[in-house]
Amino acid sequence: MHKQAARKMFIFTVCLIMVLSLISGCSGNKNAAPAATAAATEQPSASPEAAQQADTGTVPADFKAGTYTAEADGKDGKVQVKVTLDDKSVITDIQVVSQNETAGIGVEAINKVKEEIIAGQTLNIDAVSGASESSKAILTAVEDALKQAGGNVEAFKSKTVVKAGEGKTEQLSADVVVVGAGASGVSAAVSAADKGAKVILIEKTATIGGASNLSWAGKFYNSSAAVSSGLKVEVEKEIADWIVNNHWRVDAAAIRQYVTKSGETYDWLTGKGYTTTFLNFAGEQLHMLPPYETRQELLRKMLADSVEKNGGQVITEATAQKLMTGTNGEVTGVVAKKSDGTTLEISGKSVVMATGGYAGNKEMVKEAFGFEGVNGGLGQNIGEGLKMSWEIGAKVPDNFGGQMLHQTLARATDKLKAQYEPFEASYPVMLSYLPTLMNVGPSGARFRDEAATLTAVAAANTSAFNGAYHLVIVSQSQIEALKTKGMKGLQAPKLPGMPPEFYASYKDKFKLDQPWKDADKVFESMVANGDGYKGNTIEELAKNAGMDPAVFAADFKLYEEAVKTGTDTEFGKAKEYLVPMGSTGPYYAVIAEVNNLCSVGGLLVNTKFQVLNDKRVPIQGLYAVGVESEGVLFNDTYVGNGVGLGYSFTSGRLGGEDAAAGALAKK
């Protein structure tokens, strides 16, 4: 029988069964979908929310029973699963055999999607917000397992479920409503509750902590720990230099508030049990966050001890959709949608926006900044908080578009991780952090003193001036030196300044003198994967990489002369970083892309963190903290070190207090 005709006959048969079931007073699920019913009632591991979802389709019982193993690419490596089906084509179990996803984000997403697949007996599952790659990985792996079992996989994929809360509306009220549960949102909710306000905190993902779960350290000026260690910042000089370095196009009062008040945040966090560790980082006052695996738990405890203890709520997997306003334009609450389909109408006297910016929205970043770079932050930060605020009259700042650019990434890394161990797969990205190699822009022109790679912000912004990427040039002779002597073979002055999470899986090999085994094979794979270029000659490399051959050849010659003389007349690179390239090929070019951790700003605020309208007058009831409001500190882009996180905690702490004061004054 023709497939299309067979499909039509199947649909007709299902419809007939459903009609007969209705006539006889029987449940449609009882007769038409026993497999789905069994799955919904016999899987204790499935979440209650998922189990409440109703079946709106059927799947032919034509899979071969058994256990099937499959894998798919996640955000940080392969996700491998074992899927077990019984003789009724019911998925009875999904075991995650191995995965390397981020704890608290990707891991939770995998578990949630797994439960929903079992409960609904379908692959028609929404990706978990903020962990789309991890969600896609388990869905793809399970689909592959089902293909191995034979049967109609497309029918299984198309089967839908009705969410338990679809069409329902729940009304809640609070003094302060905080949207977003990252560092700034949690801090705002806790400080507001401590001031006596009833707080409702909503978060679109299942995770508390946002980007702070991925970050390394924050800057709290003149904290008690910094001062007691003997390192004290001269406040007035710091403020004056900050203003000048940003060409005076900043809110000087906001800078003063952060520099003079952030030290108190260190003690405040410590008192809440969220202990940071002071570090004298080459004269900068940085404070390392608690161990990665403990952070979310610590923040949840802060919320339990204040927000929930004072009668408030923390609602995860609830996405804000629009702001509610009164007759005079004042903000009176938020409309949100829960993952089960329920609409929440949350009234509040103060609403605090802490939704993390828009760096996860490639189109929005490209429009505002010129190119998107690589989102090294959170995928859920897509700008809806800004858009909701703009829709009710918030001003778009004059310096809108700034990003938190922080070092560069090698495009080759993800594909190489599927072919090599993590250390070997990281060869290209490690080279992008070394000052002893030649860097050129897309045209082939050298564009900087490569010692800029030693400083994260300088590395990223000097690259960004040339566009979305630059090329790191390495020769065969340099690769041979790496194979025998490791990075010492290229006279690297220190280990690449990568975030700890980059090398956590190979920290035992992350040494200057660790030989780079199979380096030649890795770089050949990089080229084969389309993430870098190769040429037996300089001219051939230029042609293959899309550079202008004459431009690249001329700058390559100048660089060789600088190496011989020890004097870089173009950029002043120090002699100790001028390492010979080698006179024979082949030569390779590593594509290094700008790493964009988050957007900077989007809402204009005063020092009470009230959001301003086009006339720079506060919109009553609306506040913003964290990166949404960070544009007041910088001219066009982030140039701090630890400021982003330090400001998030500090603005949240202070903004929450202001929001509580505003709300309680209306009672």
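Colleague: Which residues is Asn 213 in contact with, leaving aside its neighbours within four places in sequence?

Modeller: Asn 213 contacts Thr 207, Ile 208, Tyr 292, Arg 295 and Gln 296. Bear in mind that this is a predicted model.

Colleague: Where is Asn 213 found? And does Asn 213 count as buried or exposed?

Modeller: Asn 213 sits in the loop between E7 and E8. Its relative accessibility is 8%, so Asn 213 counts as buried; the cut-off is under 20%.

Colleague: How far apart are the C-alpha atoms of Asn 213 and Ala 451?

Modeller: They are separated by 30 Å. Along the chain, the two residues are 238 residues apart.

Colleague: Let me try a helix residue. Where does Ser 389 lie, and what does it touch beyond four places in sequence?

Modeller: Ser 389 lies in helix H14, residues 384-391. Ser 389 touches Leu 323, Met 353, Ala 394, Leu 603 and Leu 622. Ser 389 counts as buried because its relative accessibility is 0%.

Colleague: Now sheets. What holds strands together in general?

Modeller: Strands of a sheet pair through backbone hydrogen bonds, and the pairing is either parallel or antiparallel. Here is a parallel case. Strand E6 (residues 169-179) runs parallel to strand E14 (residues 343-353), joined by 10 bridges. E6 is also joined to strand E7 (residues 199-203), again parallel, by 4 bridges.

Colleague: Which residues stand opposite Val 179?

Modeller: Met 353 in E14 stands opposite Val 179.

Colleague: Show me antiparallel pairing. What is the order of the open sheet that contains E8?

Modeller: The order is E8-E10-E9, an open sheet of 3 strands with antiparallel pairing. Strand E8 (217-219) and strand E9 (277-281) are the edge strands, each pairing on one side only. Neighbouring strands of this sheet are turned against each other by 40° on average, direction ignored.

Colleague: How many bridges join E9 to E10?

Modeller: There are 5, and E10 covers residues 284-288. The two strands run antiparallel. Phe 281 stands opposite Glu 284 in E10.

Colleague: What order do the strands take in the sheet with E2? And which strands stand at the edges?

Modeller: This open sheet of 3 strands runs E2-E3-E4, with antiparallel pairing. Strand E2 (66-73) and strand E4 (91-98) stand at its edges. Each has a single partner strand, so one side of each lacks a neighbour in the sheet.

Colleague: How many bridges join E2 to E3, and what stands opposite Thr 67?

Modeller: E2 and strand E3 (residues 78-85) run antiparallel, joined by 8 bridges. Thr 84 in E3 stands opposite Thr 67.

Colleague: Which strands does helix H5 touch?

Modeller: Helix H5 (residues 106-120) packs on the sheet and touches E3 and E4. Its direction makes about 160° with that of E4. Helix H6 (residues 132-148) lies across E2, E3 and E4, at about 140° to E2.

Colleague: How are two packed helices described?

Modeller: By the angle between their axes and the distance between the axes. Take helix H11 (residues 252-271) and helix H24 (residues 643-664): their axes come within 9 Å and cross at roughly 80°. Therefore H11 is roughly perpendicular to H24.

Colleague: Which residues make that contact?

Modeller: From H11, they include Tyr 258, Lys 261 and Trp 268. From H24, Tyr 647, Phe 649 and Arg 653 are among them. The residues of this contact divide into 7 nonpolar, 5 polar and 3 charged.

Colleague: At what angle do H22 and H23 cross?

Modeller: Helix H22 (residues 538-545) and helix H23 (residues 549-565) cross at roughly 135°, with their axes coming within 9 Å. That angle makes H22 oblique to H23. The crossing of H22 past H23 is right-handed.

Colleague: Which residues of the two helices meet?

Modeller: Ile 538, Glu 539, Leu 541 and Ala 542 in H22 meet Pro 549, Phe 552, Ala 553 and Phe 556 in H23. By class, this contact has 7 nonpolar, no polar and 1 charged residues.

Conventions. Residues numbered from 1 in each chain as written. Predicted model: local features only at pLDDT ≥ 70, side-chain atom pairs only at ≥ 80, totals over all residues. Heavy atoms only, no water. Pairing = 2+ DSSP bridges. Axes fitted to C-alpha atoms, helices over the stretch in contact; angles between N-to-C directions. Parallel < 35°, antiparallel > 145°, perpendicular 65-115°, else oblique. Left-handed = near helix turned anticlockwise from the far one by under 90°. Contact = heavy atoms within 4.5 Å. Nonpolar A, V, L, I, M, F, W, Y, C, P; charged D, E, K, R; others polar. Buried < 20%, exposed > 50% of the residue type's maximum accessible area, 1.4 Å probe, protein only.
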